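Hello,

Here is the structure I said I would pass on. My notes follow below it.

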Amino acid sequence: MNNKTSFGKNPQMKENKYSLDFFDVVENRRSVRIFDQTEPFDHGVVRKCLETATLAPNSSNLQLWEFYQIPETSPLKDRLAKLCMGQKAATTSRNLVVVVARRDKWKSRIAANYNHIQAVYEDAPSKKQKQALAYYGKLIPKLYATYPLWSIGKQVFAWFVGLKKPMVREVSETDVRISVHKSVALAAMTFMYAMTAEGYDTCPMEGLDSKRVKKLLDLPDAAEISMIIGCGKRLPEGVYGERFRVPNKDVIFER
């Protein structure tokens, strides 16, 4: 089965300029492993795209992410590239972006949302405001709390409630950590699409020494490196062959 997409070919979509532009971005984005060293590079575009990434959807709007921009002029850039196992996507990049998950900042992010809701819903019906405040004042703190044995307690509670009605089952400490990384990954993908829209290329990398990267950036132990993204403009040899995807019929289903 031919898995090539048909973005931009549907006549019913021709009037929607923005949809076509987005689909072109998706088609053009590739993981580039060798970047051009001679092409002009605007580091301000990276900042612009990172600010766009903060608009990505995320769990409970906690925004438990941080982004560290390391331009080629930074004294940290070459050292960071070595910690990416010397990958060409890192050593030839014009800018490296370290994407960090900050599950440990849950209390301050909950407080920020709580205060925001108090201000926004000040004149709203009391029931609506109480529901919103209870979500950030009671429910989310219970989910993110890290008391001893609390992870097991949450799982037992979810199992018990789930006997009689639908219940969220992913409540363990591992589940919460995965949820944070899901949100961080959505922001990283938003950043990469934004870079493509601006005429630049990217490559997300997981092959890295996370312990040394945290030390280099002076990050606490609780911070987790989600990925490091190399940025630049592609060289033809920087795209390793035609894009390959398994057939859509193997991954897209309707029930």
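Strand β4 (residues 224-232) is mostly covered, with eight of its nine residues buried, that is, under 20% relative accessible area with a 1.4 Å probe and protein chains only, where over 50% is exposed and in between is partly exposed. Strands here are DSSP runs (E) of at least two residues and helices are runs (H or I) of at least four, numbered from the N terminus.

The model is predicted: local features need pLDDT of at least 70, side-chain atom pairs count only at pLDDT 80 or more, and totals for chains, interfaces and linings use all residues. Residues are numbered from 1 along each chain as its sequence is written, and side-chain values use heavy atoms, leaving out hydrogens and water.

Strand β4 has antiparallel pairings with β2 (residues 95-101), through seven bridges, and with β3 (residues 201-205), through five; pairing takes at least two DSSP bridges between two strands. In β4, M227 is the bridge partner of V99, and I228 that of M205.

Seven aromatic pairs turn up in the whole structure (Phe, Tyr or six-membered Trp rings with centres within 6.5 Å; planes under 30 degrees apart are stacked, over 60 edge-to-face, the rest tilted). One of them is F22 with Y193, edge-to-face because the ring centres are 5.7 Å apart and the planes at 75 degrees. This pair links distant parts of the chain, 171 residues apart: F22 is in helix α1 (residues 17-28) and Y193 in helix α8 (residues 173-197). F22 is partly exposed at 42% relative accessibility, and Y193 is partly exposed at 23%. F22, F23 and Y193 form one aromatic cluster.

Regards
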